[in-house]
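Subject: Structure handover

Hello,

I am passing on the structure below, together with notes on what was found in it. Please look it over before reading on.

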Amino acid sequence: MSVNITLLLIMGALYAAGIYLVMERSLTRVVLGLAMMTNATNILLLATGGFQGLAPLFSAEIPPEDYNDPLPQAFILTSIVISFSVTAFMLGIIYRSWVLGRQDEVQDDIEDRRVASQSSYDAEDDADVPEDTTEFTPADEAEEAPGSQRGQGTGSTGEAKR
């Protein structure tokens with residue numbers, strides 16, 4: 001099986017442009033980037049299907065290698081549905097952002113900048129952890145501990161033996 005180089009070049013260009021647009025601050029460009037990336041993914045799935053073949057309807061006289069693989073086509077249909085729902089969700093976010101703030105650019109958050117400028121050292125999280133951190137009593141000490149049920153002669157029902 002050989003690969004169609006034209007599909008691979010188109011897929012690479014769509015992925016590159018899509019990733020570039022997703023990293024922009026404008027939500028409209030993010031939606032366009034997501035659309036480009038989903039189309040590139042559809043082309044990738046199409047390329048995995050191999051060459052054009054016969055429809056995947058079984059007939060005893062046709063050898064199995066002449067059939068077309070239907071699985072990539074099913075994946076493409078699933079990808080189309082997912083991309084449609086993500087695009088609709090993003091368009092809803094863009095519309096809400098436009099209604100509330102009359103802009104579709106994501107602004108920097110002041111609190112996010114403050115957190116990013118802090119040191120990453122946290123005294124509680126980065127402190128030395130002792131080797132044994134269990135809160136349970138070891139088995140050899142549990143038998144000697146007061147209130148231990150072992151060695152007091154209890155039966156299976158919890159009643160004391162006489």
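This is a predicted model: local features need pLDDT of at least 70, side-chain atom pairs count only at pLDDT 80 or more; totals for chains, interfaces and linings use all residues.

Arg 102 sits in the loop that runs between helix 3 and helix 4 (110-117). Its phi is positive, at about 55 degrees, even though Arg 102 is not a glycine.

The overall make-up of the chain is as follows. There are five helices and zero strands, and the order of elements from the N terminus is α-α-α-α-α. The chain has 162 residues, and 15% of them are buried.

Next, some residues in helix 3. Tyr 95 belongs to this helix. Is Tyr 95 buried or exposed? Tyr 95 is exposed, because its relative accessible area is 60% and the cut-off is over 50%. Together with Val 99 and Leu 100, Tyr 95 makes up a nonpolar patch on the surface. The accessible area of these three residues together is about 350 Å².

Ile 93 is also placed in helix 3. Its relative accessibility is 32%, so Ile 93 counts as partly exposed, a class that lies between the 20% and 50% limits.

The largest pocket has a volume of about 220 Å³. Which of its lining residues are the closest to the centre? They are Leu 46, Ala 47, Gly 49, Gly 50 and Phe 51, out of 15 residues that line this pocket. Two elements, helix 2 (27-48) and helix 3 (71-101), each give two or more residues to the lining. Helix 2 gives the most, with three residues. Sorted by class, the lining of the largest pocket holds seven nonpolar residues, seven polar residues and one charged residue.

To recap for your own notes: helix 3 holds both Tyr 95 and Ile 93, and helix 3 also contributes to the lining of the largest pocket. Arg 102 lies in the loop between helix 3 and helix 4.

Regards

How values were computed:
Residues are numbered from 1 along each chain as its sequence is written. Side-chain values use heavy atoms; hydrogens and water are left out. On a 1 Å grid over the protein atoms alone, a cavity is a set of points where a 1.4 Å probe fits but cannot get out, and a pocket is an open set with protein on both sides within 12 Å along at least five of seven lines; lining residues have an atom within 4 Å of a point. Grid points are joined across faces, edges and corners, and a volume is the space filled by probe spheres set on the points. Helices (H or I, at least four residues) and strands (E, at least two) are DSSP runs, numbered from the N terminus. Ala, Val, Leu, Ile, Met, Phe, Trp, Tyr, Cys and Pro count as nonpolar, Asp, Glu, Lys and Arg as charged, and the others, Gly among them, as polar. Patches are made of residues with over 30% relative accessible area and no salt bridge: like charges are joined within 9 Å, nonpolar side chains (Val, Leu, Ile, Met, Phe, Trp, Tyr) within 5 Å. Accessible areas come from the Shrake-Rupley method with a 1.4 Å probe; for residues, only the protein chains shown count as cover. A salt bridge is a side-chain nitrogen of Lys or Arg within 4 Å of a carboxyl oxygen of Asp or Glu. Buried means under 20% relative accessible area, exposed over 50%, partly exposed in between (1.4 Å probe, protein chains only).
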